[in-house]
Amino acid sequence: MNKIHYGGDYNPEQWPEEIWPEDMALFEEAHIDTLTVGVFSWSMIQKDEETYDFSLMDKIMERLHKEGKKVCLATGTAAHPAWMARKYPEVTRTDFQGLKHKFGQRHNSCPNSPVYKGYSRLMAQKMAERYAGYDNIIAWHVNNEYGGSCYCENCEKAFRNWLHHKYGTIEKLNEAWNTMFWSHYFYDWDDIVVPNALSEHYGRENVTAFQGITLDYMRFNSDSLLNNFLSEKEELNKITPAIPVTTNFMGMYRPLDYFKWAKHLDFISWDNYPPDMKSEARMALTHDLMRGLKNGQPFWLMEQTPTTTACRDINPVKRPGVMRLWSYQAIAHGSDSVLFFQMRQSKGASEKYHGALINHAGRNDTRFFMEARQLGEELSLLGDQLTGSETSARVAMVFDWDSWWAVEISDGPSRHISYQQTMIHFYKALFALNIPVDVIGTDTELVQYDVVIAPLLHMVKDDYHKKAEQFTAKGGTFITTFLSGIVDENDNAILDDRPGLFKDLLGIRIDETDTLLPQDFNSICVESGELKGEYPCSMIFDVVKTLGAETIGTYGKDFYANTPAVTRNKFGGGEAWYIASYPDLDFLKKLFKQTASNYEIACKIESCEGVEITERKKGDEIFTFVLNHAEEEREVALPKTYHSLLDNQTYEAGMKLKVKARDVVILKG
């Protein structure tokens with residue numbers, strides 16, 4: 001890479017060819033160098049079972065090659081063509097309610113339909129054969145935003161095969177699912193049906209009578225879609241082995257276990273569409289998660305909107321400077337690309353009001369086009385200085401899809417507990433302190449970290465408790481929470497005192513767990529030390545007895561007043577903390593600040609509210625990003641001399657660096 005890739009999704013087939021030269025001129029003006037094409041090209045290319053017409057795609061590819069644009073080429077399989085649904089109705093999905101869908105929308109292909117799987121694989125093969133000779137293809141983009149689920153007969157049969165492969169015998173399956181409960185014993189594989197609103201669920205996807213069955217179906221669904229990806233990737237690798245293959249993830253997307261998927265992608269890419277304009281911590285967490293999927297390797301920001309989305313109840317416009325600021329935030333956390341959806345605004349259907357670099361009028365004097373042009377100029381100026389650089393952290397957060405699924409489908413103790421919101425809440429405290437974080441899976445080794453934070457690590461697999469014990473014994477600090485360590489990989493309770501497999505590490509016993517509405521608060525009271533104070537806590541309240549652990553904070557009221565709410569247990573050379581209730585953000589900030597200080601972990605530049613500071617390293621060079629998310633100018637004091645890459649200024653040690661509202665400064669030194 002000679003620079004950060006800059007561009008995004010381009011759909012010239014939606015526009016007359018006489019518009020294309022105008023697009024190319026505007027791309028050149030905005031310094032656009034990379035275009036993703038063909039994402040929804042299946043119906044354009046394959047007219048029926050036998051007929052493939054590449055004439056329009058050929059023109060697109062030839063034009064982009066002539067213009068010197070790099071291409072991320074999609075296989076086009078994100079939505080099957082209408083003729084396929086008409087001739088083979090099995091390709092459309094059956095939803096959670098048991099309703100068979102007709103042709104429509106896009107995530108509407110059954111992942112276990114032999115027809116869909118066969119034609120999608122063939123489409124990937126045809127695309128690779130057709131365009132293998134183009135030297136400007138820098139990546140393959142398989143499908144698009146894989147997601148959703150299906151409950152049809154094909155999926156039911158495939159689910160039984162998946163279970164047979166996993167368990168081997170019906171007896172082992174019955175044991176894993178605890179089917180003696182409610183007379184659910186299965187005698188034959190054909191007894192098993194998909195868990196949906198017609199069988200195990202009480203109308204809602206998260207409310208199930210048999211967590212083990214539903215959990216396995218969630219795993220099966222993730223694997224089914226992964227197999228679709230792998231089928232296409234296999235064809236691409238046969239014909240174009242030198243071109244890397246990816247698909248665009250959707251961040252913290254619950255239905256798919258991205259840690260399992262990541263092993264099969266040549267690089268991670270994802271689409272960043274935050275729910276509001278105040279999600280800088282959430283975005284940072286998700287960037288860190290995407291980087292963590294492949295152990296710190298740079299990723300691609302495959303999509304973001306230049307201005308506004310179009311699929312929500314309200315769709316705020318990104319305020320001046322925000323698009324640029326968020327683009328640099330992605331780079332700061334490990335992205336080697338800044339790509340948009342979309343390049344020219346669609347003239348019809350559901351995304352006609354979705355933001356684009358070029359609006360319906362094709363203007364170059366809109367605010368968002370001028371901001372994009374400025375960003376393009378800057379990325380060209382930066383060249384390859386940042387590409388391939390990495391982020392190092394001594395603090396890790398454990399993110400586990402199995403725990404996410406299991407804790408939210410559990411029939412108790414509370415349906416108000418959100419795994420995702422809990423992860424965001426804990427990350428916000430680290431974000432406020434500008435502590436670098438690696439977001440890791442349970443397979444990741446812990447030796448390089450000083451602090452490991454594992455909120456809601458509900459399910460313990462592959463002896464993870466032993467890994468946590470070894471980490472702590474060697475001098476690390478392990479921090480976990482309520483509902484952690486208490487079920488096995490089949491979502492059956494650990495038959496021991498809670499917190500189950502973490503009992504010895506944490507030095508506590510939990511006999512009862514109280515849950516209340518989110519607005520019903522208790523408090524965590526700390527009487528001394530750096531954490532001294534009273535902090536609100538809510539939703540869930542473990543009643544804890546210490547078995548060697550030290551009580552740090554106690555509950556303020558109710559029948560468990562003055563009993564432990566936060567504990568610390570010395571374990572070998574380290575310590576393990578337990579937080580028994582959903583804590584206030586201020587408590588987490590103080591706890592993480594104290595913990596980081598114990599290991600001399602601190603941001604080199606003292607910051608202030610609203611300013612994010614993070615680093616990327618390339619060889620011996622360190623690049624420090626100072627991102628001001630506030631709506632007012634901020635000042636930060638510089639501890640040493642830095643050179644600013646974007647304005648070519650040198651700032652001496654001790655100087656106050658002024659950063660305008662929603663602005664970014666990149667320092668080298």
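Q: How many cavities of 30 Å³ or more does the count give?
A: This is a predicted model: local features need pLDDT of at least 70, side-chain atom pairs count only at pLDDT 80 or more, and totals for chains, interfaces and linings use all residues. Residues are numbered from 1 along each chain as its sequence is written, and side-chain values use heavy atoms, with hydrogens and water left out. A cavity is a set of points, on a 1 Å grid over the protein atoms alone, where a 1.4 Å probe fits but cannot get out. By this rule, the number of cavities of 30 Å³ or more is three.

Q: What is the volume of the largest cavity?
A: Grid points are joined across faces, edges and corners, and a volume is the space filled by probe spheres set on them. For the largest cavity this gives about 130 Å³.

Q: Which residues come closest to the centre of the largest cavity?
A: Lining residues have an atom within 4 Å of a point. The largest cavity has 14 of them. By class, the lining divides into seven nonpolar (Ala, Val, Leu, Ile, Met, Phe, Trp, Tyr, Cys, Pro), three charged (Asp, Glu, Lys, Arg) and four polar (the others, Gly among them). Closest to the centre are His333, Tyr427, Ile435, Pro436 and Thr614.

Q: Which elements each supply at least two residues of the lining of the largest cavity?
A: Elements are DSSP runs numbered from the N terminus: helices are H or I with at least four residues, strands E with at least two. Those that each supply at least two residues are α10 (280-292), α14 (419-432) and β21.

Q: Which residues are closest to the centre of the second largest cavity?
A: This cavity has a volume of about 90 Å³. Its lining divides into four nonpolar, two charged and seven polar residues. Of the 13 lining residues, the closest to the centre are Arg93, Ser109, Tyr116, Asn143 and Tyr146.

Q: Why is one side of β21 and of β25 left without a neighbour in the sheet?
A: Strands pair if DSSP finds at least two bridges between them. The open sheet of five antiparallel strands runs β21-β22-β27-β24-β25. β21 (611-618) and β25 (649-651) stand at its edges, so each has a single partner strand.

Q: Over how many bridges do β22 and β27 pair?
A: Leu627 stands opposite Val664 in β27. β22 (residues 621-628) and β27 pair in the antiparallel sense, and the bridges number five.

Q: Which residue in β27 stands opposite Ser644?
A: β24 (residues 642-644) and β27 (residues 664-668) pair in the antiparallel sense over two bridges. Opposite Ser644 stands Leu667.

Q: How many of the residues of β27 are buried?
A: Buried means under 20% relative accessible area (1.4 Å probe, protein chains only). β27 is mostly covered, with a buried count, out of five residues, of four.

Methods
1 Å grid on protein atoms, 1.4 Å probe; cavity = no way out; pocket = protein on both sides within 12 Å on 5 of 7 lines; lining within 4 Å. Buried < 20%, exposed > 50% of the residue type's maximum accessible area, 1.4 Å probe, protein only.
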